[in-house]
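Please find below some numbered remarks on the model under review. They are meant to be read beside the sequence and the structure.

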Amino acid sequence: MAKKKTTTKSKPKKTKTPRKPISFKLSRQQQIILGSFLFFLGIALFFSFVSYLFTWKVDQSVLTDITDRDAQTKNWLSNFGAGMSNFFIYKGFGVSAFIISILLTISGVYYFFDYTKAKLRQFWFWGILVMLWLSVFFGFFHKQNDLLGGRVGYEINDYLQDYLGLIGAAFILAFLAIAYAVVRLKMTPDKVGTFFKSTKDQLSDEFKETPADTIETTETVQAPEADQIVEDTSAIVEEVVKNTEEENTSGKSTFEMNVENLQPTIGKKKKKDELVDPPMEITTPDPEPELVITTDASEEIDIEIKAPVEEKEVKKNLSDQLVDDFGEFDPTLELGHYKFPPIDLLKDYTKGQGITINQQELEENKNRIVETLNNYKIGIANIKATVGPTVTLYEIVPEAGVRISKIKNLEDDIALSLSALGIRIIAPIPGKGTIGIEVPNKNPRIVSMRSAVASPKFQEAEMELPLTLGKTISNETFVVDLAKMPHLLMAGATGQGKSVGLNAILASLLYKKHPAEVKFVLVDPKKVELTLFNKIERHYLAKLPDTEEAIITDNSKVINTLNSLCIEMDARYDLLKNAMCRNIKEYNVKFKARKLNPNNGHKFLPYIVLVVDEFADLIMTSGKEVETPIARLAQLARAIGIHLIIATQRPSVNVITGIIKANFPARIAFRVTSKIDSRTILDTSGADQLIGRGDMLYTQGNDVVRIQCAFVDTPEVERIVDYIGGQKAYPDAHLLPEYVGEESGTSLDIDASDRDKLFREAAEVLVIAQQGSASLLQRKLKLGYNRAGRLIDQLEAAGIVGPFEGSKARQVLVPDIMALDQLLNNEGNE
C-alpha cells in the first residue's frame, strides 16, 4: 500500500516586537523616592559615625556580624550603625569618612528637589579626593589601629614612605593640598596677600583717631540756591520729556490681542480648572521719537568770558597761515568729479512694501507656546510678539517663582509643537525682564541691500568705515563701524551666505567712502567670488608693484602681500611717531590742517581693508608663513588704519590660532551644523539653530544680535563696479611697499671652485630622493642647518633644484644620476 503523503501546514511565524531600550532616566516619583532614601541614609550614617567615636572599643569586641541579633552594641543605630561605622572608619578612611555621609545627604536633597546634577558630580569628585587626602594625612601621624586615618590612610601612607621616604611623602601631600587650593578654591598668593593687607588696613583704621570727622563744615549749607536751580531745571526737562512721550505714544502703531476677554488674573486657573491664555501685544518697530528741547530766542542768555589780555599779540603759526591762504588739504581733489554710485543700481526685492503681519500665524504660534509651557506647569503673565523680516520674537514674562533654566530646557519641545526649524530661546533677554523665543516666519522676506543703504541710519552715520550688515529682528537697519571692531571674523557652513556677506560689506564701503579714503586688498582663493571688483582696480584696490592683477588668487603671492602690509604698517607707525599722533584719525586731521610737512615724508593715509575669502585654504597651503604676518597685523594694525576681514568655513584651532582669535572680538556666524562649531565661532551656542540664507549672529564681545544679512546679487555688484569703473581713475592702483622674499633674497654661489666638498654627494642624495629640502641633507649627510642651507643654494645655482616655494620642498630638475653626471661633466668642460 502506498503511503499517504502527510502535508504539514506551516505555522505562522510570530513577529517579535522589538524590546524598548532601557532608559536610565528617573521619573519624578523615582527621584523623590531616591532622594528621600539618600537623605535619611546620610543622616543615619552621620549619627552612627558620631556614636562610634565613643563606643568603638566596646562595639568592636562584641560585633562579629551586623546581622547577628544577639550582639549587644552601644551604637545609637545598634548593629547596623556599629557595622557601617567599623567598615567606613576603622577599616576604611578614618574620621574623614564623615564626608561620605555629607555627600549622601546633599545627593538626597538634589534628587528630592530636582536640582541640576552638574554640581552634584563636582561635589562627589572633590569630596572623595579630600576624603582620601585627609585619610592619608592623618595616617601620616598615627599608627594602624587609630581612628583618625583608618586602614586605608595607613596603608597608602606606608606605601608612600617605603618608596619616597618620610620627606617625599610629606612633599606629595603638600603639593596635593596646594593644587586643591588653587584649582578648587581659586586661591593664589596674590589673593591671600591682598586679604591680609586689607585686614591689616581695616584694623589700623579702627585705631586711628579722626578728629576731622567731628568738625562741622558750613560750606555745604551755604549753597541752597544752586541745588534749587538744578532741581527746577530737571523738573522742566522731565515735564518736556513727559509731554513728548505722550504725543509720540498716541501715534505709535501697536496691535494688542486679547484672547477670550482675558482678566488681570493671567496664567492662574479659573473655577473650572481652565488655563487662561495671556494677552499678546504685537509691535512693529517704528522710528524712535526725537526729543528736541528748544529755547525761545527772546530768552537767550549770552555768557561772555573775558580772557586776560596779554602784553604782546601771538602771531599765527605757519600752518594756520597756510590754512587761511589755501584752505585745508582735500585728498579727494585728484578725483574731484568722482560720483558715488546711486541707489537705483540696487534692486528692491520688497518693492517698497513693509513687513506684513500674519495675524493667524501669530495667534497659532502664541497658543502653541502657551500650551506647551502650561503642560509643564509654567504659567505666563504676558506675551508680546515683534515681527521681523525672517524671524518673529515672542517675549514672554513668566509668573513669579518660575525658574529660567526650566524654560530654557524646553527648547526642543517648543520646536516640536511649532513644527518649525531653528527655534532659539534667549533667557533672559539682555536689558529686559523677559524671555525671548525666536520662531522663523513661514513666509520670510528678503532684506534688500537697497533698503539697508537707503536707510537714514546708514546715510547719516558718522563713522570712519560704516558697514550695513542687514536688519535686526526688530526690522531696524544694523550699522557698525569697522574701524572700532577693529577686525572681523566671518564663519559658517558652505552655502549659508558668507560670500554674499562679503559683497554687502564691500558695497557698504563703496557707497560711503571716496577712493582716496579707503583701499582694498582682496584675496580670493576660489578665483570666482571677488573677481568682479577687478574693474575698480585703479579706484579702490591696492597691490604689489610689478604685479598684473590686483586681486590675489594664487596662494603663493599672498605671503608677499601680507609681508608687504607689515612693512606698510611699520612705516605708518614711524609717521605717527614723528607726527606725535596716536592713531590714523588724528594723523589725517593734522595733515589736512597742513601741520605736517610732506617734505619730511608725511602724506595722507587711506584706510586699508584686507579681505580674505576661505582663510583655511591659505593655512593648508602656506601654514606659518601666512599665520605670522596675519597675527602681527591683527595685533598692531588697528591704530594705523589696516583692518582685516577673514572668512572661513570653521575657525578651528589649527586655522584660527589663539593669538589671531583673541584679536577678532567682532565675529559673524552664519548657520553651522553642530553646537560645537557654534561654540568655536561665537564661544556660545545658537548658530546651529539658524535657518540659513543669510540668517546670522553678530557679536562684538558682549551681546549676540540676530541679523538677516542684506542680499546683494551678482548683477547688482556688476552694475556698481561698472558705474565706478567708467569714471576717471588714478593712473594705477595703490601700490604697497615692495617685499623681497626668501626665494629672491638668497645670494647664489655660481663659482664652481667655492662649492662645498659634499656638493657631489648632496646632489646624488637629492636626485635619488627627488625631493629638494635642506632637512633631507641634514639627515642623510649628518650636517648642520647652515651648511645644508648653503648646499641647497649651490645646487639651485647649478640648476639641480628649483627655486624656493614656501613651505613646499624644492623641485628636483635632474631626473636621474646619469643626467646629473652629464650636467656636471658639461660644467667641467666649460
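1. The largest cavity in this predicted model has a volume of about 50 Å³. A search of the whole structure for cavities of 30 Å³ or more returns one. Its lining is made up of Gly388, Pro389, Thr390, Val391, Lys471, Thr472, Ile473, Asp695, Arg706, Ile707 and Gln708. By class, four of the lining residues are nonpolar, four are polar and three are charged. Strand 7 (466–472) and strand 16 (704–709) each contribute at least two residues to this lining, and strand 16 provides the largest share, with three.

2. The second largest pocket holds about 820 Å³ of space. It is lined by 17 residues, of which Gln31, Asp114, Tyr115, Lys406 and Asn409 are the closest to its centre. At least two lining residues come from each of helix 1 (28–62), helix 3 (98–113) and helix 10 (404–408). The lining comprises six nonpolar, five polar and six charged residues.

3. Regarding the chain as a whole, 27 helices and 17 strands are assigned. Of its 830 residues, 41% are buried. Among contacts between residues at least 6 apart in sequence, 68% join residues at least 24 apart.

4. Because 13 of its 15 residues are buried, helix 14 is largely enclosed by the rest of the structure.

5. Leu45 belongs to helix 1. This residue has a relative accessible area of 2%, and is therefore buried, the cut-off being under 20%. Beyond its neighbours within four places in sequence, Leu45 is in contact with Met84, Ser101 and Leu104. Leu45 and Ile102 are 57 residues apart in sequence, while their C-alpha atoms are 9.0 Å apart in space.

6. Some backbone geometry deserves a check. Most residues other than glycine have a negative phi, and most peptide bonds are trans. The peptide bond from Met485 to Pro486, however, is cis, with omega near 0°. Pro486 is situated in the loop between strand 8 (477–481) and strand 9 (488–491).

7. Which residues other than glycine have a positive phi? Ser78 is one of them, with phi near 55°, and Glu614 is another, with phi of about 60°. Ser78 lies in helix 2, whereas Glu614 lies in the loop between strand 12 (607–612) and helix 18 (615–622). Is each of these residues buried or partly exposed? Ser78 has a relative accessibility of 38% and so counts as partly exposed. Glu614, at 11% relative accessibility, counts as buried because it falls under the 20% cut-off.

Technical notes
Residues are numbered from 1 along each chain as its sequence is written. This is a predicted model: local features need pLDDT of at least 70, side-chain atom pairs count only at pLDDT 80 or more; totals for chains, interfaces and linings use all residues. Side-chain values use heavy atoms; hydrogens and water are left out. On a 1 Å grid over the protein atoms alone, a cavity is a set of points where a 1.4 Å probe fits but cannot get out, and a pocket is an open set with protein on both sides within 12 Å along at least five of seven lines; lining residues have an atom within 4 Å of a point. Grid points are joined across faces, edges and corners, and a volume is the space filled by probe spheres set on the points. Helices (H or I, at least four residues) and strands (E, at least two) are DSSP runs, numbered from the N terminus. Ala, Val, Leu, Ile, Met, Phe, Trp, Tyr, Cys and Pro count as nonpolar, Asp, Glu, Lys and Arg as charged, and the others, Gly among them, as polar. Buried means under 20% relative accessible area, exposed over 50%, partly exposed in between (1.4 Å probe, protein chains only). Contact means heavy atoms within 4.5 Å.
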